[in-house]
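Work through the following exercises with the sequence and the model open. Each task is followed by a solution in steps.

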Amino acid sequence: MTTTEPRRHSSHRLAAGVLTGILALYIALVAFGNITDFGTNQQFVRHVLAMDSTFKDHDLMWRAITSTALQDTAYVLIIAWETVAALVLVWGTYLWAARRDDAFARRVSTYGLLMLLLLFGAGFIAIGGEWFAMWQAKAWNGEDSATRVFLLSGVALIVNQLPGGGEPTT
């Protein structure tokens, strides 16, 4: 039976769209802040990569990157990744709100959420936290923040992947 009535949001579509939108807003603000206030987090990245606030264990210090050119390159790549992730998640949020194609909204949102999981999980928690021993630093330790975003992104990804059936949409 066809109807000309507009489709209403199912609770799944609404939850997926809202979670995607929250993370889109968050990473867009992070990217915007890093672009407009470049120096603040630039110092963070430099200290983490230089490992200058760790225990200075000689068995680990060979991992340190002390070249400011390489540190700044890493920071610019992080900002570029954040910006692309924000754009993808904004697009995913729009697609959930447009209510036309849940499968496409799910796919686009999944790409953006996976980008966040890679950045915060692999980049900040694994590489920054373990490889560069960020966990040892008091002042330059972003693991708690990264873990929060990683977990929220994971929850959003799970909600995005849930089957959307079972609820009437008209």
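**Exercise 1. The nonpolar patch**

Which residues make a nonpolar surface patch of about 320 Å²?

Solution. This is a predicted model, in which local features need pLDDT of at least 70 and side-chain atom pairs count only at pLDDT 80 or more, while totals for chains, interfaces and linings use all residues. Residues are numbered from 1 along each chain as its sequence is written, and side-chain values use heavy atoms, with hydrogens and water left out.

Step 1. Apply the patch rule: residues have over 30% relative accessible area and no salt bridge, with like charges joined within 9 Å and nonpolar side chains (Val, Leu, Ile, Met, Phe, Trp, Tyr) within 5 Å. Areas come from the Shrake-Rupley method with a 1.4 Å probe, and for residues only the protein chains shown count as cover.

Step 2. The patch consists of Leu14, Val18, Ile22 and Leu152.

Step 3. Find the main contributor. Helix 1 (residues 11–36) gives the most, with three residues; helices (H or I, at least four residues) and strands (E, at least two) are DSSP runs, numbered from the N terminus.

Step 4. Check one member. Isoleucine 22, in helix 1, has a relative accessible area of 43% and is therefore partly exposed. Buried means under 20%, exposed over 50%, and partly exposed in between (1.4 Å probe, protein chains only).

**Exercise 2. Salt bridges**

How many salt bridges does a search of the whole structure find?

Solution. Step 1. A salt bridge is a side-chain nitrogen of Lys or Arg within 4 Å of a carboxyl oxygen of Asp or Glu. The search finds two.

Step 1. One joins aspartate 102 to arginine 13, with the closest N and O atoms 3.0 Å apart. Aspartate 102 lies in helix 4 and arginine 13 in helix 1, so this pair ties together parts 89 residues apart in sequence. Both aspartate 102 and arginine 13 are buried.

Step 2. Aspartate 72 forms a salt bridge with arginine 46, at 2.7 Å between the closest N and O atoms. This pair links aspartate 72 in helix 3 (residues 68–98) with arginine 46 in helix 2 (residues 38–50), 26 residues apart. Arginine 46 has 22% relative accessibility and so counts as partly exposed.

**Exercise 3. Aromatic pairs**

How many aromatic pairs does a search of the whole structure find?

Solution. Step 1. Rings of Phe, Tyr and Trp (its six-membered ring) pair if their centres lie within 6.5 Å; planes under 30 degrees apart count as stacked, over 60 as edge-to-face and the rest as tilted. Seven pairs are found.

Step 1. One of them, tyrosine 26 with phenylalanine 120, is tilted, at 6.5 Å centre to centre and 50° between the planes. Tyrosine 26 is in helix 1 and phenylalanine 120 in helix 4 (residues 102–131), 94 residues apart.

Step 2. Tyrosine 26 is partly exposed because its relative accessible area is 33%, whereas phenylalanine 120, at 5%, counts as buried. Tyr26, Phe120 and Phe124 form one aromatic cluster.

**Exercise 4. Positive phi**

Where do methionine 51 and arginine 99 lie?

Solution. Step 1. Most residues other than glycine have a negative phi.

Step 1. Methionine 51, in the loop between helix 2 and helix 3, has a positive phi of about 55°. Its relative accessible area is 1%, so methionine 51 is buried.

Step 2. Arginine 99, in the loop between helix 3 and helix 4, has a positive phi near 60°. At 25% relative accessibility, arginine 99 counts as partly exposed.
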